[in-house]
Amino acid sequence: MAKGFFKNILKRLQFNPFSKKNHVKLGLYGPPNSGKSTLANRICQDWLGEEMSTVSHIAHETREIIVKEQVSIKNKRGKELTFSLVDTPGIATKIDYEDFIRKGLKRTEAKLRAKEATKGVIDSIRWLDNMDSVVVVLDATKDPYSQVNITIMGNLQARNIPVLIAANKVDLRKANLEVIKAAFPQYPIVGISAKYGKEITDFYEQLFKLVK
Amino acid sequence: MVTFQFIPYSDIETLTAAKRVNKLLNIVKENRIVIMEGRLRKEEEADLIEITMEEISQKFKGIELSVIYPDRSKQSGVQKMKGAFATVLLGDRQGLTIIGPASIVKKIEKNPDKIELFTRELNGSKRSPVKKLRRS
């Protein structure tokens, strides 16, 4: 009986507030095709040696929330950070199956993709409340002043969720990091290329500041 | 023909968040472009996107949304105080919200000082901007 009692106490101790850091949910949010899944794969490849999501040049490839538990990263000083990585479907205000047909999908595939994509957007928004910290992944070649971006940022701010902006695709000529900095001056911003791993070390250092 | 419908703040002031969003979305689904005085709350904007996604069908492809709002960082202390006072008394009437059906509005481009609204031709090609709004 005494053995059972101590076992129970030890089990409870596992859920003490000091272990909370191991259960941090880090969300990747942003518009479709900004590179959220490419970044998720980069993080998982770098630290777990495996991929997490599929990527495609056709928008709305990620149509379900994907969670990778227990991702541990280390910074230059050897400090470790463990979190659950949450890759979310891109948030959009419109989804037209004909856009997918123009990208080469068959009509039935396109309709199904559109239907799943609408559900994905709803799930992304609903999951906002579950996040402890969020990396907003923006395409550095695109106009950052879209209302979707502003709505995402506003909702994260309203929920007091710490935010890091990853301005992705800085390897491309059209990328303009300064425009993103001008659009969101109140947030930390790191320019990266998730595809090629450019500036990814800086990104990991910023993650340590984000997830305190 | 493109139809714009102006919604004064007084029309939505007393409505609940769900009713506000539904009212705006119902107008947009009738292929009209809403120009609303003021703006929705952040959570209401997210609700608008969520409900839009629930409503998407072969006929209704979604919305284009944009908000022009005064840049408070450029306002003087007195202006900020006046704005805050007016918001408490009259609600947040500052700014303009534009919501259009994606089947008509191809995109709304915004930089901090102006909004350009591009509409679709019936054959799907892009027209030059039909509406330019500048922030005072």
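Trainee: To start, which helix of chain A holds A:Asp46?
Mentor: A:Asp46 sits in helix H2 (residues 36–48) of chain A. Helices are DSSP runs of H or I with at least four residues, strands are runs of E with at least two, and both are numbered from the N terminus. This is a predicted model, where local features need pLDDT of at least 70, side-chain atom pairs count only at pLDDT 80 or more, and totals for chains, interfaces and linings use all residues. Residues are numbered from 1 along each chain as its sequence is written, while chains are lettered from A and ligands numbered from 1 in the order in which they are written.

Trainee: Why is A:Asp46 called partly exposed?
Mentor: Buried takes 20 or more other C-beta atoms within 10 Å of the residue's own, exposed takes 12 or fewer, and partly exposed is in between, with C-beta atoms placed from the backbone. A:Asp46 has 14 such neighbours, so it counts as partly exposed.

Trainee: And why does A:Lys169 count as buried?
Mentor: A:Lys169 has 24 C-beta neighbours inside 10 Å, so it goes down as buried. That residue is in the loop between strand E5 (163–168) and helix H6 (177–183) of chain A.

Trainee: What makes A:Glu199 partly exposed?
Mentor: The count again: A:Glu199 has 18 C-beta neighbours inside 10 Å, so partly exposed is the label. A:Glu199 lies in the loop between strand E6 (189–191) and helix H7 (200–210) of chain A, and has a positive phi of about 60 degrees although it is not a glycine.

Trainee: How much of chain A is buried?
Mentor: 39% of the 212 residues in chain A count as buried.

Trainee: Which residues touch the most other members of the largest nonpolar core?
Mentor: That core has 70 residues, and A:Val135, A:Val136, A:Ile165, A:Ala166, A:Ala167 and B:Leu24 touch the most other members. A nonpolar core is a set of buried Ala, Val, Leu, Ile, Met, Phe, Trp, Tyr and Cys residues joined through C-beta atoms within 7 Å. In soluble globular proteins, nonpolar side chains tend to be buried together.

Trainee: What is A:Ala167 in contact with, leaving aside neighbours within four places in sequence?
Mentor: A:Leu138, A:Ala140, A:Leu177, A:Ile180, A:Ile189 and A:Gly191. Two residues are in contact if their C-beta atoms, placed from the backbone, lie within 7 Å.

Trainee: How do you know that E2 and E4 of chain B pair?
Mentor: Pairing needs at least two bridges found by DSSP. Strand E2 (residues 32–37) and strand E4 (residues 96–101) of chain B have four, in the antiparallel sense. One example is B:Val34, whose bridge partner in E4(B) is B:Ile99. Both strands belong to an open sheet of four strands in chain B, in the order E1-E2-E4-E3, with mixed pairing.

Trainee: What does chain B bring to the contact with chain A?
Mentor: Chain B puts in 21 residues, and chain A 16. H3(B) gives the most to the chain B side, with nine residues.

Trainee: Where in chain A does pLDDT stay under 50?
Mentor: Over residues 11–20 of chain A, for which the model has one contact beyond four places in sequence. pLDDT is the predictor's confidence in each residue, from 0 to 100. Where it is low, the predicted coordinates should not be read in detail. Chain A as a whole averages 90, and the mean for chain B is 83.
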